Amino acid sequence: RCLPNYCEHGGKCSQSWTTFYCDCNDTGYMGATCHNSIYEQSCEAYRHQGKTSGFFYIDSDGSGPLGPLRVFCNITEDKIWTAVQHNSTGLTRVQGADLEKPYTMSFNYNSSAEQLEAMINSAEYCEQEAAYHCKKSRLLNTPNGMPFAWWVGRANEKHLYWGGSLPGIQQCACGLEESCLDMRYFCNCDADREEWTNDTGLLAFKDHLPVTQIVITDTNRSNSEAAWKIGPLRCYGDRQFWNAASFNTEASYLHFPTFHAEVSADISFFFKTTSISGVFLENLGIRDFIRVEIRSPKEITFSIDVGNGPTEATVQSPTPLNDNQWHYVRAERNLKQTSLQVDNLPKKVLEAPAEGHFRLQLNSQLFVGGTASRQKGFLGCIRSLHLNGQKLDLEERAKMTPGVKPGCPGHCSSYGNLCHNGGKCVEKYNGYSCDCTNSAYEGPFCKEEVSALFEASTSITYIFQEPYPVTKNASTSSSAIYADAVMSKENIAFSFLTAHTPSLLLYINTYFHEYLAVILSKNGNLQVRYKLSKDGLLIFTIDSGNFANRELHTVKINREGRELIIQVDQVLKLKHNFSETDFKAIKSLTLGKVTESLSLDPEVSKANAYGFTGCLSSVQYNHIAPLKAALRHPSVAPVTVKGSLTESSCASVMEADVNTVTTTYSSSDPFGKTDEREPLTNAVRSDSAVIGGVIAVVIFIIFCIIAIMSRFLYQHKQAHRSSQTKEKEYPENLESSSFKADIDLQNTVSECKREYFI
């Protein structure tokens with residue numbers, strides 16, 4: 001049963017009397033026949049799962065024959081970059097090369113040419129930086145000479161253009177931009193000057209990438225030298241992940257060549273619809289067929305017949321699937337199983353019969369969004385359609401098909417929940433992006449904290465737009481003057497880490513001498529102090545522990561109308577109802593020390609004297625992010641920064657603080673804690689001091705033993721009586737010496753064992 005071996009991608013076959021089994025360990029694939037890749041097909045797919053930047057394996061052809069490729073996914077901006085390093089990305093100097101003895105460097109990307117080609121073809125855009133630094137070393141020998149340097153790309157093809165230029169044009173970037181040092185040449189280096197210059201640009205014609213070799217031949221003359229650099233292969237965009245088509249009528253469909261999958265077949269795609277039923281795709285043979293359809297709002301069916309009669313795998317959803325949201329479908333058939341997966345619902349698996357026909361033989365065209373058997377077509381959108389790892393270009397085919405439109409709007413309706421912490425989902429033709437403008441966080445999903453280290457004198461003040469005119473004595477219009485600055489709610493959130501009390505974390509004041517202050521009291525309790533004109537001063541104390549414990553704490557203060565809710569570390573701590581409902585005419589919000597001359601109440605004033613020393617993270621007040629504004633837009637936002645402010649991750653600071661075994665604290669350390677009784681000292685003495693002490697003790701003991709033995713041998717020659725007398729003294733001396741040595745050793749060990757507890 002293992003001849004031939006139906007285990008794919010190097011899976012190991014074993015058998016019993018009735019069937020065979022595949023061991024897929026260490027293959028990068030899974031399934032009954034090791035057909036399915038365990039990796040995603042692009043960095044875009046990893047981003048869609050909420051992953052952050054890092055090294056990943058991508059399998060560009062999915063279940064196809066190409067293996068996975070290790071890449072770096074840069075998921076920090078709107079464009080998701082995929083980078084593949086080669087064996088020489090640094091600046092390399094070259095001397096002594098000419099046409100007879102050229103300098104050649106070949107690049108190894110730790111992958112096959114087919115893997116790189118598949119990755120490049122799947123991307124929207126690719127590039128490689130090419131830099132040539134020269135001193136009396138010509139590059140392309142423009143305008144009309146034979147090049148002295150060139151590079152080799154895909155298909156082992158030699159290219160005579162340089163970075164920043166276009167294919168077929170023997171020029172550098174400065175030639176196209178008409179900015180070369182010598183306008184008689186099309187490259188800076190071709191001027192053949194004695195001083196260093198360079199030609200640098202991007203090679204961005206996808207069909208020629210990647211660069212596989214560079215050849216240099218003009219560094220063998222007097223004072224001639226060059227240095228080159230070819231950057232990593234970088235691509236962005238997944239042409240297939242958002243490749244979609246919209247089917248507007250039940251009679252519309254796209255057709256593709258016959259799906260050839262005799263032994264194993266997998267079909268995957270996303271769909272969204274409001275229709276109650278329809279056929280996603282169908283391919284017929286003389287007797288065999290394959291079909292995937294939505295039979296009812298809660299039911300997806302995969303039907304297949306390889307000559308033994310129809311087999312149907314059906315997945316029932318507890319909620320309707322025609323909700324105009326994107327849903328994922330994967331259907332697979334191999335010699336052992338027929339399976340269907342819908343979203344994250346339990347997979348439906350049917351075992352294949354042990355005997356009978358097993359080859360799927362199809363001969364008609366593949367219909368997508370419709371059917372050749374006159375069943376009801378599909379109304380809605382289909383995207384990212386893959387058959388056996390091969391990508392079908394729905395958009396290109398839709399451009400020439402009536403009733404079908406390329407693309408599909410409305411991605412935010414499905415993926416808007418991936419934008420966190422107040423980030424807004426923005427529709428794009430191919431996908432979506434998260435707008436973090438009004439969020440205290442940043443990153444592709446508004447999940448990356450923005451935090452900074454504060455010292456005692458640090459102050460960040462965000463000035464709200466001043467009501468105009470605030471100096472007029474027109475009481476009748478006062479409500480109109482301050483209308484824009486009246487706040488009937490506060491949604492405040494921030495995280496902090498400190499070891500100091502008392503501390504002032506946040507202070508909001510108004511033109512009517514109302515305020516909100518968040519402080520740490522002397523004993524480490526958290527206090528939220530509200531002063532509204534009708535309620536007077538209200539103090540809410542969270543006394544569930546010492547919050548100045550060098551751990552990260554999260555505070556959320558939500559007031560909507562009269563109701564106040566305070567949460568600390570995701571735990572509800574307090575609820576209160578006010579009689580006053582509004583903050584009138586908010587003037588400013590301050591993080592850390594208040595530097596204005598305000599009439600602070602005694603407790604706030606005491607905390608303000610110490611300011612805040614520690615780390616603040618992701619501060620949000622309604623739609624304003626004052627800390628983010630101070631760090632990212634200090635010259636544009638209405639924010640003032642005084643004192644030292646250092647951007648840093650609070651989480652990493654906490655980890656560093658926990659992992660530090662011995663630390664000497666200085667006055668500039670934001671987490672230093674002074675002891676009123678004695679200064680902190682290093683808890684561990686240096687190894688050299690310990691070793692020196694031990695050596696001194698050993699040498700002292702050796703000298704004592706030598707002295708005692710010498711004295712003993714000398715006295716042994718004297719008379720027996722005298723000898724007896726001396727022998728009585730010997731143990732005393734020995735005991736005295738040993739005692740002294742023991743005392744010295746004990747003192748030394750005691751000195752070594754002294755500890756200081758912080």
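I began with burial, and I noted that 46% of the 758 residues in the protein are buried; I keep in mind that this is a predicted model. I then looked up the secondary structure and found eleven helices and 46 strands.

I went on to the aromatic rings, where the structure holds 25 aromatic pairs. One of them is Tyr-132 with Trp-162, an edge-to-face pair at 6.2 Å centre to centre and 85° between the planes. Tyr-132 lies in strand 10 (residues 125–135) and Trp-162 in the loop between strand 12 and helix 3 (173–177), so the pair ties together parts 30 residues apart in sequence. I also checked their burial, and both Tyr-132 and Trp-162 are buried.

I then compared Tyr-253 and Phe-367, a tilted pair with 4.9 Å centre to centre and 55° between the planes. Here the parts tied together are 114 residues apart in sequence. Tyr-253 is partly exposed at 32% relative accessibility, whereas Phe-367 is buried at 12%.

Last, I noted a cluster in which ring pairs link Phe-241, Trp-242, Phe-270, Tyr-328 and Tyr-432. The charged end of Arg-47 sits over the ring of Tyr-432, 5.1 Å from its centre.

Conventions: Residues are numbered from 1 along each chain as its sequence is written. This is a predicted model: local features need pLDDT of at least 70, side-chain atom pairs count only at pLDDT 80 or more; totals for chains, interfaces and linings use all residues. Side-chain values use heavy atoms; hydrogens and water are left out. Helices (H or I, at least four residues) and strands (E, at least two) are DSSP runs, numbered from the N terminus. Buried means under 20% relative accessible area, exposed over 50%, partly exposed in between (1.4 Å probe, protein chains only). Rings of Phe, Tyr and Trp (its six-membered ring) pair if their centres lie within 6.5 Å; planes under 30 degrees apart count as stacked, over 60 as edge-to-face and the rest as tilted. A charge sits over a ring if NZ of Lys or CZ of Arg is within 6 Å of the ring centre and within 35 degrees of the ring normal.
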